[in-house]
Amino acid sequence: RSRHPVPTFTAMLFFERDPLVDPRIANGSSSSLTGARRYTLSWWVTAVALVHFDRGAATVAAMGITNWTSEHHSFGYVVALMLWHSVGLAVGNIVASGLLQQVTPKVALVCALTITGICGVVLSLLQDPGVVLIALLRFVEGCAAAVPLVYLPLWVDEFASSDGYWMSVLQIGVSLGHFFGTLCGASTAQWAATGWRASLLVQTCIITPLIGRVVTSPQVQVDVPTRIQTARMDCLTLQGAESSGLQNLLREMRDMIQGMNRNPLTLSLSSTLCILHAIGALLLLWSAPYLFLSADAPSGLWTQILSALVFSSLPSLGCYVGAICCSRMQGFKAGMHATALRISCAFAVLAAMCGPLNSAAEGFLARFLLLCLWLFCCGCLLPILCALLMTSMPSYLRSFNATSMFLMLHLLSFSVAPLLVTLLMGCFLRPEKALNFGVALAFWATTPAAILLIFTYAREPKSSGPSSLSGVDDLSISDVSYELARRRISTVPL
């Protein structure tokens, strides 16, 4: 494939820079951020927060299930708010790559933020929107949100300073957007005629000055240099190396999948991540009403605030603890897959215990602590599984794996899995029974993920020397942190 003049489908949708093979990431970017670009970075964090604001606000709609009186408090209504936005994100990631090649990033960002604001205003002002209209608006919002989520990591990757943590700083916007979206949505639901949807006006009010800031910013502060952008945006397109024909595209996709299938470790780890994110998506939707219907539960507002707080903080804390534990036990060393898998099995088994323990939990405090335990343990798993994925495949397959997993997370974990479980929950006549079933099923679904990790560990050679699957240098915590942000594996819902 070295004869091809441009990057191929191997790196579709993702920039091809790799911290394990590119000296610019290993040693820091050659061009440090100026003061103006540092200031611009704060606006990009705000942009990431704003495109996740509506996802946090939409989770407030699930609290209406406790009333069980309105058509707009049905399971289908709640799932439509989240499912179609996730589908829009997946589709938008494909469309955004072509858009960023046709227009300047500045124009693309302005258009995407404007569309997000318009959809928020329309959704907030309509008195009685139907499910079809809501699904359409949420799909369009997801497509628009994909543009900054595709381009801004590229911008940070190009202009990051030598300390190497700017990519992680950008991801802080995900947790901030979800938390403040939930907080604002829960607050407006108490008094506004349109309920939680009134909070989308707040999102629009903040987006407006951000759009003005992007419009008035110099082109050099917003756009990646044309030469670099052209070379690396080729990695974002769904096209073959020598022709745009569908046959070449399918051929390269088949070659990449066959390359990944030769490594069972990659398949098992990717499957585990999909299962954990599917469970996280279910808990993100239904944990607040589930806790509210518990014995001795606080008010609905405080229940939603506490739920949003633990979803935004505990997985992040778990990521840090898991990375420290794996690093101290040398799990990030080359060829130490067995050590890293052993640590991940311990956290997975601890998370799987939430299933049987949930059967005996009736009060608010017990259920809340189980939710905290699950989020923390699964947060600990993220850096370990990500490091194993980094070192279990050749460098030319990492971009394909990252992109394919990103699409699977949004199409399967965030869309199909919540839809199937919600259909089962709709068979119950009482909301308490339905929520108990849904959350219990989510907790119990951790068991297959734990079994899969244990089976993977049993098959992995226990020798301490470099294995044939790794063949790379030792990883540092900063490498793993960068890869998590690069793959856009945020801590919401994990």
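Let's start with helices H12 and H13. H12 covers residues 300-328, and H13 covers residues 337-352. This is a predicted model. In it, the two axes come within 10 Å and cross at roughly 145°. The crossing is right-handed. Which residues make the contact? From H12, they are Gly322, Cys325 and Cys326. From H13, they are Ala340, Ile343 and Phe347. By type, that contact has five nonpolar residues, one polar and no charged.

Next, the cores. In general, nonpolar side chains in soluble globular proteins tend to be buried together. Here the largest nonpolar core has 83 residues. Which of them have the most contacts inside it? Trp196, Leu283, Trp286 and Trp374. Helix H15, residues 364-391, gives the most to this core, with 17 residues.

Take Trp196. Leave aside its neighbours within four places in sequence, and Trp196 still touches a list of residues that includes Ala57, Ala58, Val60 and Ala61. Tyr77, Leu81 and Leu123 are also among its contacts.

Last, a loop residue. Where is Asp296? It is in the loop between helix H11, residues 264-292, and H12. Most residues other than glycine have a negative phi. Asp296 has a positive one, near 60°. Is Asp296 buried or exposed? Its relative accessibility is 75%, so Asp296 counts as exposed. The cut-off for exposed is over 50%.

Notes. Residues numbered from 1 in each chain as written. Predicted model: local features only at pLDDT ≥ 70, side-chain atom pairs only at ≥ 80, totals over all residues. Heavy atoms only, no water. Axes fitted to C-alpha atoms, helices over the stretch in contact; angles between N-to-C directions. Helix = DSSP H or I, 4+ residues; strand = E, 2+ residues; numbered from the N terminus. Left-handed = near helix turned anticlockwise from the far one by under 90°. Contact = heavy atoms within 4.5 Å. Nonpolar A, V, L, I, M, F, W, Y, C, P; charged D, E, K, R; others polar. Core = buried A, V, L, I, M, F, W, Y, C linked by side-chain atoms within 4.5 Å. Buried < 20%, exposed > 50% of the residue type's maximum accessible area, 1.4 Å probe, protein only.
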